[in-house]
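The following exercises concern one protein chain.

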Amino acid sequence: MAALGDLCSGVLGDPAAVLGYGISSGLLRGTQGLITPVEVTNYAIHPSERDIQFIPGWNVEKAKRAGLSGVKLLLYFNPESPSVTERMRLVGLLTSVCARYDIPLFLEPVLFPLQPGTKMDTKTRVRYSVQMARIMAEAGADILKLEFPVDPSVDRDPEICEDALGRLNDACGTVPWVLLSGGVEASMFSLQATAACKAGSSGVMVGRALWNPAIKASAGGTDGRISILQSRSRHELISLTEIVHTHGTPFWQKTGRPTLDLNWYEVYPGINGSK
């Protein structure tokens, strides 16, 4: 946070180690939007078996009362998985709660192959990604946090990527979306971010692509890792910011701007539905 936070428009972090400590320590100064996850994930099992599990003792109401800017749900998803009905039921519950407390929901669906240990061909992956984005947009998400629809380890054809991103953007409809980094190298993510923003993305949410080199560094200990964050990672984040500012689609171009009468507050509903 100290090395990169001033360059970020928002910070996504868990309520314990990042948000609570960040606020109390002063590293998060209130100049960025603060987004909290509401789920915990067991990475030791196959994505098809990763049920949605909410953080014990944490919920949308507490996030709203704490003054946070949004909540995020990660769910592993395949449109043809038997788990679709149950996962969408939970998504529906969460969207309704977020609507009640008037706090944006960042929905992060991550595609998984039905057969463990396999990779989807490009055509299948794009088809699933587009279908998944449409399902999530129609489910009531405020912002979609989406993967690049083409796996760079399988296909890097620029025309295929451009077509896939166009179809993904169309599937999102009026719901803004941002590109997640998914742990790819920063140089690759820069290319993906440029293509995504040109296709209609409103920005990026990036983590591992920036700080993985620091985590993996073996020389210099803590000071060496901080040095990488303050130099290499910071330079890469500045570059990504420039890409978003140059090519990104402002979210209001999709959602529209509100047109309000002077007495808007009289009819604006309270949390309990009162006016």
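Two residues are in contact when they have heavy atoms within 4.5 Å. The chain is a predicted model, in which local features need pLDDT of at least 70 and side-chain atom pairs count only at pLDDT 80 or more, while totals for chains, interfaces and linings use all residues. Residues are numbered from 1 along each chain as its sequence is written, and side-chain values use heavy atoms, with hydrogens and water left out.

**Exercise 1. The chain as a whole**

Determine the secondary structure content and the overall dimensions of the chain.

Step 1. Helices (H or I, at least four residues) and strands (E, at least two) are DSSP runs, numbered from the N terminus. The chain has 10 helices and nine strands.

Step 2. The radius of gyration (taken over C-alpha atoms) is compared with the globule rule, 2.2 Å times the number of residues to the power 0.38. The chain has a radius of gyration of 19 Å, close to the 19 Å that the rule gives for 275 residues, so the chain is as compact as a globular protein of that length.

Step 3. Along the principal axes, the C-alpha atoms fill a box of roughly 55 × 45 × 40 Å.

Step 4. Among contacts with a separation of 6 or more, 69% join residues 24 or more positions apart.

**Exercise 2. The core and W177**

Identify the residues with the most contacts inside the largest nonpolar core, and list the contacts of W177.

Step 1. Buried means under 20% relative accessible area, exposed over 50%, and partly exposed in between (1.4 Å probe, protein chains only). Buried residues make up 44% of the 275 residues.

Step 2. A nonpolar core is a set of buried Ala, Val, Leu, Ile, Met, Phe, Trp, Tyr and Cys residues joined through side-chain atoms within 4.5 Å. The largest one has 58 residues, and V71, L73, L75, L107, M136, L144 and W177 have the most contacts inside it. Another core, of five residues, lies apart from the largest one and includes I35, F106, V178 and M205.

Step 3. Leaving aside neighbours within four places in sequence, W177 is in contact with L144, L146, L165, L168, N169, C172, A196, G200, S201, S202, G203 and K254.

**Exercise 3. The enclosed space**

Find the residues that line the largest cavity, and state which helix gives the most to the lining.

Step 1. On a 1 Å grid over the protein atoms alone, a cavity is a set of points where a 1.4 Å probe fits but cannot get out; lining residues have an atom within 4 Å of a point. Grid points are joined across faces, edges and corners, and a volume is the space filled by probe spheres set on the points.

Step 2. A search of the whole structure finds one cavity of 30 Å³ or more. The largest cavity holds about 50 Å³ of space.

Step 3. Its lining consists of P109, S129, M132, A133, L146, E147 and L168. Helix α4 (residues 122-138) gives the most, with three residues.

**Exercise 4. Two individual residues**

Locate D102 and Q131 in the secondary structure, and decide whether each is buried, partly exposed or exposed.

Step 1. D102 is found in the loop between α3 (84-101) and β6 (105-111). With a relative accessible area of 44%, D102 is partly exposed. Its phi is near 55°, a positive value in a residue other than glycine.

Step 2. Q131 is found in helix α4, and is partly exposed at a relative accessible area of 31%. The C-alpha atoms of Q131 and N78 are separated by 9.2 Å, although these residues are 53 apart along the chain.

How values were computed
On a 1 Å grid over the protein atoms alone, a cavity is a set of points where a 1.4 Å probe fits but cannot get out, and a pocket is an open set with protein on both sides within 12 Å along at least five of seven lines; lining residues have an atom within 4 Å of a point.
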